[in-house]
Amino acid sequence: MLAVTFVLYQALNFYWWIVIASAILSWLYAFNIVNPGNPFVDAIGRFLWQMTEPVYRRIRRFMPDLGGIDLSPLVVLFAIMFLQYFILAYIDPAIMRAGI
């Protein structure tokens with residue numbers, strides 16, 4: 001059972017880096033540092049958008065409109081941090097005590 005929580009923890013860690021990469025790429029797009037017409041950059045941007053946009057969309061429904069500032073990646077990162085801490089502090093010790 002610890003292997004399942006380890007895989008879940010690592011999946012959350014992987015998604016953490018996807019959110020970070022998506023935020024950085026969106027800043028690079030906004031400041032016109034990268035060319036969105038480049039096929040390689042476009043492929044990476046589409047991949048990151050497809051991985052993060054469904055989660056962001058759900059969060060944006062509850063977030064107040066702050067103009068051009070999008071805080072949904074920050075909310076996702078805090079949620080991931082909370083879930084990782086919850087796994088390490090509560091789930092794993094409970095599994096160890098139960099001997100599963």
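Start with the lining of the largest pocket: its largest share, nine residues, comes from α2. Helices here are DSSP runs of H or I with at least four residues, numbered from the N terminus. One thing to know before clicking on: this is a predicted model, where local features need pLDDT of at least 70, side-chain atom pairs count only at pLDDT 80 or more, and totals for chains, interfaces and linings use all residues. Residues are numbered from 1 along each chain as its sequence is written, and side-chain values use heavy atoms, with hydrogens and water left out.

Now select S22, A23, S26, D70 and P73, which of the 24 lining residues are the closest to the centre of that pocket. The space inside comes to about 520 Å³. (A pocket is an open set of points on a 1 Å grid over the protein atoms alone, where a 1.4 Å probe fits, with protein on both sides within 12 Å along at least five of seven lines; lining residues have an atom within 4 Å of a point.) α1, α2 and α3 each supply at least two residues of the lining. Colour the lining by class and you get 14 nonpolar, five polar and five charged residues. Nonpolar covers Ala, Val, Leu, Ile, Met, Phe, Trp, Tyr, Cys and Pro, charged covers Asp, Glu, Lys and Arg, and the others, Gly among them, are polar.

Next, show α2 together with α3 (residues 72-98): they pack at an angle of about 100 degrees, with their axes 9 Å apart. The axes are lines fitted to C-alpha atoms over the stretch in contact, and angles run from 0 to 180 degrees between N-to-C directions. That makes α2 and α3 roughly perpendicular, a label for 65 to 115 degrees. Which residues of α2 meet α3? Pick V55, Y56, I59 and R60 in α2, and on the α3 side S72, P73, V75 and V76. Contact means heavy atoms within 4.5 Å.

Hop over to T5 in helix α1. T5 is buried, with a relative accessible area of 8%; buried means under 20% and exposed over 50% (1.4 Å probe, protein chains only). Leaving out residues up to four places away in sequence, T5 touches I87, I91, D92 and I95.

Last stop: N32, in the loop between α1 (2-30) and α2 (39-60). N32 counts as exposed at 63% relative accessibility. Its phi is near 55 degrees, a positive value in a residue other than glycine. Most residues other than glycine have a negative phi.

Technical notes
Angles under 35 degrees count as roughly parallel, over 145 as roughly antiparallel, 65 to 115 as roughly perpendicular and the rest as oblique. Grid points are joined across faces, edges and corners, and a volume is the space filled by probe spheres set on the points.
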